[in-house]
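Below are my notes on the model, point by point. They start at the contact between the chains and then turn to the individual chains.

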Amino acid sequence: MTVVEGKLVESQKEELLTGCEAVAHAVMLADVDVISAYPIRPYTEVMDAVSKLIADGKFFAEYIIADGEHSQFEIVKHASAVGARVFVGSSGTGWMYAMEAIAVTASDRLPVVALVGNRALDDPGAFGVEHNDALTVRDLGWLLVWASTAQESLDTTLIAYRVAEDPKVMFPTALAMDGGFLTHSQHMVRIPSQSLVRKFLPAYNLGDRRLHPDNPISIAPQVNEDWVMEIRMQNAEATKRVPAVIDKAYREFEDVFGRELGNPWLEEYMMEDAELAIVGMGTLAMPAKAAVKRLRSRGTKVGLVRPKWFRPFPTELMQKVLSRVSAIGVVDRDFSYGSPYYGGVLFNEIRSTLYSSKNHPTIANFIAGLGGREISIADMIKMIQLTYEAEEEGKDGQVKWMGVRE
Amino acid sequence: MGKISTLLDEVAEADIKNVEVNYRGIFQKTLARKICKTLVYAAKEEERTGFSYGRYSDAPERNGVPCKYFAVVAEMSEEDLEAEAGAKIEPNDVNVSIVVDDTMVKGVEPWGFSGIRPINEKVKLGGTLLVVSERSPLELLKNVAKKDFPYKIAVVPGKHSFSGLWVYKDDFTDARVLGALARIEPDIVGLEALRKVVPEKLGAEKIDALNDGYKSVIIKSIAPGEGIDWPYSIPTLPKWHEFKEGIVVKSVARGGRNEDYKRFTTRTMRPVIRFDTCIKCDLCWYACPDECFDPTPDGLFDVNYNYCVGCGRCAEVCPVPNTIVMVDELKFENNDSPYHEYKKDKEAYIEWADQKMGEKRVNYPFVTGTGLIEENVKKNDGEKG
């Protein structure tokens with residue numbers, strides 16, 4: 001660490017890391033106690049990276065190979081209940097196989113941090129990205145955030161621990177990363193020092209909820225209709241306390257590490273004076289930015305909104321940002337068979353968000369990039385063009401599948 | 001809104017340099033990654049941005065399967081570079097296509113639905129196919145598809161390398177390839193920058209190899225139309241409404257083989273068989289993990305080279321010395337049945353097979369069924385005698 005103009009500035013160590021290796025470094029810096037692992041691509045990459053850090057003697061943690069994802073998630077749930085900071089993760093059907101443990105972890109308010117390397121839900125066999133796996137926990141009390149670069153993956157992992165373990169929060173948090181495009185691609189990543197991370201991230205403290213013989217408690221007994229409404233209400237109220245904690249965590253991150261992270265909730269790219277917004281999560285923001293930039297150079301007033309935190313959903317902010325434009329193209333890297341308008345998950349969240357706004361932009365929906373299919377810059381320009389056309393023709397709520405052989 | 005097609009070239013493509021490394025799964029994954037990562041570090045040394053990635057749909061954990069790794073460098077901000085090239089399965093084209101196993105010039109089939117692709121498929125106008133090989137560019141060209149624009153084939157002398165794979169001794173192929181690259185495309189990476197990063201990233205002992213790669217690379221210009229007519233077609237996949245619901249696809253009938261996925265591009269060496277010394281023990285037929293051996297009416301076993309991945313198991317189990325020998329794949333022009341050749345003209349076949357096997361043979365030190373090293377068996381036999 002050096003002192004510049006009276007302020008502590010982190011010595012910048014830069015390494016070429018995959019998104020998963022960046023997360024593994026964050027797990028090491030967060031001094032995680034217990035890690036449980038079970039391989040499934042693309043999550044495997046982070047499991048390998050963490051085990052290598054341990055094998056190389058750089059990181060000391062209990063690393064448990066489970067016999068399947070269900071026990072993998074049970075292990076960290078229990079470890080978390082006895083006061084261990086934990087890390088876990090999975091992808092696609094592996095995540096689905098663990099779903100029972102995943103659901104109760106949220107109800108039990110245990111701040112497990114998980115990496116979901118987004119992967120198509122088999123069948124058919126496919127390694128590539130689809131957001132449906134992570135989205136399955138959207139109603140359960142998991143906090144859910146999408147990263148789009150390796151640097152953001154490292155930063156968000158540290159923030160995830162800070163937010164999840166905040167006494168006002170205590171919800172498990174899943175960091176979703178696009179399989180392949182982000183999990184397996186190596187970019188220059190600034191790695192913060194251990195001492196700064198310690199400054200940012202206080203020790204995990206469950207307080208009087210810590211399961212220990214000296215603290216006789218029982219977690220999650222059978223309660224039936226006598227208690228369930230109250231428990232659900234308590235958790236629902238707790239989710240409302242999350243946004244302020246997230247806001248504070250980002251600002252303190254910037255203070256401690258001396259790096260700007262921008263708006264925690266969503267990234268706005270060339271949105272000043274935009275008439276049309278393209279909305280999408282994860283790495284599809286990359287070709288979207290290139291498309292927006294090209295169109296801007298022609299004087300077309302278009303911008304990109306990339307939601308980061310999906311749970312809790314930034315309703316008011318999203319309303320504020322998107323009610324400024326007259327047309328919105330939501331790109332879903334997911335599907336929701338039989339949903340309203342037969343559209344995607346993000347699309348219906350955005351539509352619902354804008355219902356109470358005074359201005360009602362035309363909203364078009366695109367289902368794209370499923371199973372890891374590439375979304376090109378040309379695809380993005382096409383989607384923007386179709387959104388303009390939908391607005392001109394007054395066709396709101398159209399859903400189009402992009403890049404399908406038809 | 002302007003026409004889409006006119007918008008696509010707006011960011012000058014030339015600003016972004018793409019390099020690919022064609023490598024074989026397992027054996028060369030570390031090597032390919034090291035080349036690409038070191039290249040990005042060197043670009044950073046020259047104050048450019050870059051990143052590297054493997055082709056995600058590949059199967060790099062499967063022995064010998066052709067795979068690709070990429071490095072992308074440019075003079076633009078990280079955000080702009082990621083926007084232009086950061087979420088792609090593979091680049092549209094490449095300035096340099098590196099091949100770390102020269103037998104891959106016969107074509108690469110990474111995956112069942114891709115077809116067998118020419119090794120120079122992605123090389124752009126004026127670009128280079130850079131091969132680690134003991135052969136000349138013109139010898140390699142005998143296997144390479146013609147292109148309708150000029151490009152180069154360069155050779156950095158060497159054998160296909162296992163550098164970076166577990167216990168194999170590192171032969172510094174990574175540094176030699178990077179040295180050659182600095183000579184071919186100094187705009188992508190300069191020798192000075194490499195001299196700075198190679199000691200730290202690959203090891204101080206590799207500096208000489210880097211310089212050697214720079215000096216020893218042989219570069220040959222290839223004119224439009226030079227090369228072969230590519231014999232393999234790229235499969236056309238059905239439209240969404242053209243196949244059965246419920247993810248049902250046609251399978252291989254009993255006793256048949258998959259016509260759409262032959263897998264022989266996985267092979268670096270092929271088994272050559274001396275049918276005249278074969279004792280018809282059937283161990284090759286039994287041991288072949290890919291069921292490539294076909295029984296013949298006279299009790300011999302033909303091998304189907306379209307499906308053989310060159311694993312060497314048959315040569316390992318064959319109890320008769322020099323009856324099945326693994327031979328460099330580039331010595332062969334086709335996958336025709338060796339048994340049919342043998343039946344046509346036995347003497348000619350034996351002479352041919354012996355010539356292909358050559359003097360330098362791959363020997364397996366274990367004697368089948370004993371687990372003992374051959375020399376020790378001989379020694380024991382001698383003691384008995």
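1. Which residue of β2(B) does A:S185 stand opposite? The model is a predicted one, and in it the residue opposite A:S185 is B:Y53. The strands concerned are β10 of chain A (residues 185-191) and β2(B), which are joined by two bridges and run antiparallel.

2. The contact between the chains draws 35 residues from chain A and 28 from chain B. On the chain B side, at least two residues each come from α1 (4-7), α2 (29-45), β2 (49-54) and α3 (78-85). By class, that side of chain B has 16 nonpolar, seven charged and five polar residues.

3. Chain B is divided by the domain assignment into domain 1 (9-222) and domain 2 (264-381). Their C-alpha centres are 33 Å apart. Domain 1 of chain B puts 15 residues into the contact between them, and domain 2 of chain B puts in nine. The domain 1 side consists of six charged, five polar and four nonpolar residues.

4. Chain A has an open sheet of six strands with mixed pairing, in the order β11-β13-β12-β15-β16-β17. At its edges are β11 (266-269) and β17 (399-401) of chain A, each of which pairs on one side only. From one strand to the next the twist averages 20°.

5. Within this sheet, β11(A) and β13 of chain A (residues 302-307) run antiparallel and are joined by four bridges. A:L266 has A:P307 in β13(A) as its bridge partner.

6. Helix α11 of chain A (residues 285-297) touches β11, β12 (276-279) and β13 of chain A, and its direction makes about 165° with that of β13(A). Helix α14 of chain A (residues 377-392) touches β12, β13, β15 (327-332), β16 (362-367) and β17 of chain A; the angle between its direction and that of β15(A) is about 135°.

7. How do the axes of α12(A) and α13(A) cross, and within what distance do they come? For helix α12 (residues 315-322) and helix α13 (residues 345-354) of chain A, the crossing is at roughly 80° and the axes come within 9 Å. The two helices are therefore roughly perpendicular to each other.

8. The residues that meet in this helix pair are A:T315, A:M318, A:Q319 and A:L322 from α12(A), and A:I350, A:T353 and A:L354 from α13(A). Four residues of the contact between α12(A) and α13(A) are nonpolar, three are polar and none is charged.

Notes. Residues numbered from 1 in each chain as written. Chains lettered and ligands numbered in written order. Predicted model: local features only at pLDDT ≥ 70, side-chain atom pairs only at ≥ 80, totals over all residues. Axes fitted to C-alpha atoms, helices over the stretch in contact; angles between N-to-C directions. Parallel < 35°, antiparallel > 145°, perpendicular 65-115°, else oblique. Contact = placed C-beta atoms within 7 Å. Nonpolar A, V, L, I, M, F, W, Y, C, P; charged D, E, K, R; others polar. Pairing = 2+ DSSP bridges. Domains from an automatic or database assignment.
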